[in-house]
Every structure is written in C-alpha cells, then in structure tokens.
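I opened my notebook to look around one protein chain, from the whole down to single residues. Come along and check each entry against the picture.

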Amino acid sequence: MKWEENYSLLKNNTFGIDASCRYFFEYSSVDELFSFCADRGDLLPGALHIGGGSNLLFVNGYYDGLVVHSALKGIERVGETDDFVFVKAMSGVVWDEFVAYAVSEGLCGVENLSLIPGEVGAVPVQNIGAYGVEAKDVIDSVELFDVAGCRVLNVNADECGFAYRNSRFKSDWKGKFWVVSVTFRLKKKAEFVLDYGNIKSSMEGREVTLQSVRDTIIRIREEKLPSPEVLGSAGSFFMNPVVSADCLSSLKERFGDVPSYKLSETDFKVPAGWLIEQCGWKGKSYKRAGVYEKQALILVNRGGATGAEVAELADVIVKDVKGKFGIDISPEVCYIK
Ligand code: EPU
C-alpha cells in the first residue's frame with residue numbers, strides 16, 4: 001500500500017504535465033482497498049481513480065482531492081470451452097504485457113491492440129481500440145469495486161454500454177465503480193483482422209501468425225505515434241467524428257477526396273487527423289504544446305506545457321475544424337479539473 005500527501009502526478013500521466021494532488025492512495029490487494037474504505041471513507045466521494053495515465057489531461061496544476069491507483073497484478077486462466085479460453089487480468093497489469101502473454105500462449109483476439117499504453121483497468125472504461133479491433137470484442141466480464149457499497153461485484157460485458165471509446169464507466173458509473181479485474185474471451189483458433197489501412201501490405205512476405213501480426217502493429221505504431229518517454233502525449237486527442245452520407249457528399253464536393261470509413265448506409269466516420277491537417281495544424285506549436293508532426297490527431301507536450309496550454313490548443317483546433325468544415329470534433333482524452 002502507498003499513501004502520500006501533496007503527491008506529484010508527473011509520472012502518472014503520459015502527457016508529462018507537472019500536476020499534483022492532495023492525497024494519493026495505491027493498493028496492492030483488494031483487502032487493502034477494503035481497509036482503506038473502512039478507515040478513510042470520508043475521502044471517497046469525488047476520488048479520482050487513474051490507470052496508467054495515458055488518456056488524461058490534468059487541466060489545472062492541482063487536484064484538490066484523492067487520487068487512487070491500482071497496483072493489483074496477476075493474469076490467470078479461469079475457464080475454457082471448445083473454442084475459447086477465459087483469462088482474467090487484474091487492473092494494474094500493464095496492457096501490453098497482457099497482450100504479450102496472450103500471444104505467447106497462442107490465444108487470439110488482442111494482438112491488434114499491441115503497444116497501446118495504459119493498464120488493464122482502463123481497457124473497459126475507454127473501450128480501447130486500434131486496427132479494426134475494440135476491447136468490447138474480447139471482454140467477457142468485469143469485476144468491479146462498488147465505492148459506496150464497499151463490495152466487489154461482477155458485471156457482464158453487455159451491461160457496460162460499450163461504444164466507440166465509450167462505456168458506462170464514463171457516464172452513469174463514473175466514480176461509482178472501480179475496475180478490479182477484466183476477464184477476456186480469447187480464441188483458441190486464430191482469426192486475424194487485417195483489413196485496416198496498411199496492415200496487410202505491411203505483412204507482405206511474412207507468414208501470418210499472432211506474433212507476426214503483433215510485431216507489425218508494434219512497428220506501425222512506433223512509426224506513427226510518439227513514445228511517451230520521448231514526447232509527452234495521450235495518443236489520439238480527439239475522437240473521429242461521425243457524419244451523415246449527405247454531409248460527406250457535400251464535403252467531397254467542396255474538398256475533393258475526403259477519407260472516410262463506412263459505418264452504415266447513413267453514417268460515415270471521417271478521420272479527425274485529416275480535418276486537423278487540412279486546417280494547417282500538423283507539426284505546429286502553441287505555447288509549449290503542439291500537434292505531432294507525423295499524426296495530426298495527437299497533441300504533444302513540447303516540454304513544460306501546462307494542462308491549460310494543451311486545453312487552449314485543443315479549443316483553437318476545435319474552432320478551426322468547425323469553421324472550415326462545419327464539423328464538431330470532441331476530445332477522447334479525459335479532462336481532469
Ligand atoms: N490522417 C491524415 N493526417 C494525419 C493523420 C491521419 O490525413 O495527420 C488520415 C489519413 O487518411 C489516414 C486516416 O486519417 O489514413 C486514419 O489515420 P490512422 O490510421 O492513423 O488512424 P486514426 O483514425 O487517426 C484511430 C484511433 C487510434 C488507432 C488508429 C488505428 C481514434 C480516436 N484513434 O486513429 O487510436 O491507433 O485509428 O486503428 O479512433 C488512441 O485512441 O489513442 C489511438 C491512437
């Protein structure tokens with residue numbers, strides 16, 4: 001167990017924002033969590049539970065309350081059918097270590113989610129996704145800590161309200177439940193998802209295996225996305241907006257070949273990175289923040305940026321995209337105020 005007062009969160013957010021909090025509590029077992037709640041229940045309302053801090057923006061320099069972090073570790077097989085293996089991972093496990101475990105065990109389903117920063121506890125909250133796969137495709141159930149009731153319970157994936165980078169953990173369950181563990185349903189027989197972007201072409205000449213897909217995804221991510229140790233960021237800063245077929249065709253009339261992904265007959269996703277690049281923001285700086293040179297969807301900390309500077313930059317970008325295209329884009333990063 002770790003308990004600190006006036007604690008620096010610099011190492012707890014991949015943006016590298018120099019924020020701090022009044023209290024910090026980290027638990028290494030569920031029993032420690034129970035004892036803490038019994039002793040310091042007064043601090044729980046308004047407490048902020050964080051994971052690897054890879055999707056957070058501390059807008060103010062100080063969080064005047066309790067920040068909680070899980071150091072629960074462990075991965076275990078908890079069940080099996082003819083087709084699937086069920087694997088439970090504790091919330092404090094580093095996500096990519098879980099992906100490496102699944103691949104090494106010959107279990108399929110998460111290899112496209114290789115190298116996404118963060119910890120298992122954030123996976124259902126954010127419904128993380130990349131290269132044609134989303135966490136909701138492989139989550140079977142989630143074990144939760146009920147903060148007010150001080151008890152542990154299980155919910156099935158279909159109760160979690162999963163949507164694109166969204167879940168009930170970000171709306172009506174926010175602050176009420178903390179993730180203790182996630183049970184994943186992984187396939188024994190590999191079924192690869194290789195249709196996104198340049199994955200197939202990047203794999204040309206290589207045998208398609210769980211490991212080679214993982215290696216390819218890691219290579220693509222390393223080329224396109226900044227490593228938090230080198231340049232602070234929170235991955236994609238904005239979600240890709242969904243527009244109607246009519247909106248997309250009028251965009252194409254005005255701006256030529258606008259990239260898009262078809263979601264249904266009526267809905268299309270337009271890459272926010274493209275919209276931002278067209279507004280001239282790619283590679284530009286604003287105070288000590290900026291837009292990444294290789295991927296306009298990523299805002300970066302060029303050194304010493306405050307959360308407020310990043311938020312100001314995001315506001316200007318939102319206004320510019322709205323002004324040029326008439327499209328609203330909104331952050332996927334969680335603002336902590
Ligand atoms: N594009 C540009 N300019 C840019 C960036 C992108 O024109 O600077 C256009 C290109 O047409 C490109 C397309 O956008 O083909 C898509 O770009 P990319 O494949 O990099 O994906 P994305 O839509 O920008 C999403 C996720 C990423 C995920 C990738 C791959 C969101 C918000 N982001 O990005 O997730 O890794 O797809 O699946 O959906 C994250 O959530 O933090 C994240 C990195």
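**Entry 1: a term I needed.** Before reading about bridge partners, I looked up pairing: two strands pair if DSSP finds at least two bridges between them. I also noted that this is a predicted model. With that settled, I went to strand S7 and found that Val85 there is the bridge partner of Glu80.

**Entry 2: the neighbours of S7.** I followed S7 (residues 84–90) on both counts, partners and cover. Strand S6 (residues 75–80) pairs with S7 in the antiparallel sense, over five bridges. A hairpin of three residues leads from S6 into S7. S7 also runs antiparallel to S12, and seven bridges join these two. I found Phe84 standing opposite Lys187 in S12. I reminded myself that strands of a sheet pair through backbone hydrogen bonds, either parallel or antiparallel. Is S7 mostly covered or mostly open? It is mostly covered, since five of its seven residues are buried.

**Entry 3: the largest core.** Next I asked which residues touch the most other members of the largest nonpolar core. They are Trp95, Phe98 and Phe184, in a core of 62 residues. A second, separate core has 47 residues, among them Leu251, Leu275, Ala305 and Ile317.

**Entry 4: a closer look at Phe98.** I listed what Phe98 touches, leaving out residues up to four places away in sequence. The list holds Ile75, Val87, Ala89, Val93, Val110, Val120, Phe184 and Leu186. Phe184 is a name I already had, as one of the residues that touch the most other core members.

**Entry 5: Asn13 in a loop.** Asn13 lies in the loop between strand S1 (2–8) and strand S2 (20–27). Why does Asn13 count as buried? Its relative accessibility is 4%, and the cut-off for buried is under 20%. I also checked its surroundings: the side chain of Asn13 reaches the backbone nitrogen of Ile17 at 2.8 Å. Leaving out residues up to four places away in sequence, Asn13 touches Gly53 and Phe58.

Entry 6: I traced an open sheet of four strands in the order S13-S19-S18-S17, with antiparallel pairing. Strands S13 (232–236) and S17 (285–286) are at the edges with a single partner strand each, so one side of each has no neighbour in the sheet. Inside the order, S18 (residues 289–291) and S19 (residues 298–301) pair over three bridges in the antiparallel sense. Ala289 stands opposite Asn301 in S19.

**Entry 7: stepping back.** Last, I looked at the chain as a whole. I counted eight helices and 20 strands in its secondary structure. Its radius of gyration is 20 Å, close to the 20 Å that the globule rule gives for 337 residues, so the chain is as compact as a globular protein of that length. The C-alpha trace spans about 60 × 50 × 35 Å along its principal axes. How much of the chain is buried? Buried residues make up 49% of the 337. For contacts with a separation of 6 or more, 61% come from residues 24 or more positions apart. The chain exposes about 15,400 Å², and carbon and sulfur atoms supply 48% of that.

Conventions
Residues are numbered from 1 along each chain as its sequence is written. This is a predicted model: local features need pLDDT of at least 70, side-chain atom pairs count only at pLDDT 80 or more; totals for chains, interfaces and linings use all residues. Side-chain values use heavy atoms; hydrogens and water are left out. A nonpolar core is a set of buried Ala, Val, Leu, Ile, Met, Phe, Trp, Tyr and Cys residues joined through side-chain atoms within 4.5 Å. Buried means under 20% relative accessible area, exposed over 50%, partly exposed in between (1.4 Å probe, protein chains only). Contact means heavy atoms within 4.5 Å. A polar contact is a pair of N or O atoms within 3.5 Å; within protein, one must be able to donate a hydrogen and the other to accept it, and residues adjacent in sequence count only if both atoms are side-chain atoms. The radius of gyration is taken over C-alpha atoms; the globule rule is 2.2 Å times the number of residues to the power 0.38. Accessible areas come from the Shrake-Rupley method with a 1.4 Å probe; for residues, only the protein chains shown count as cover.
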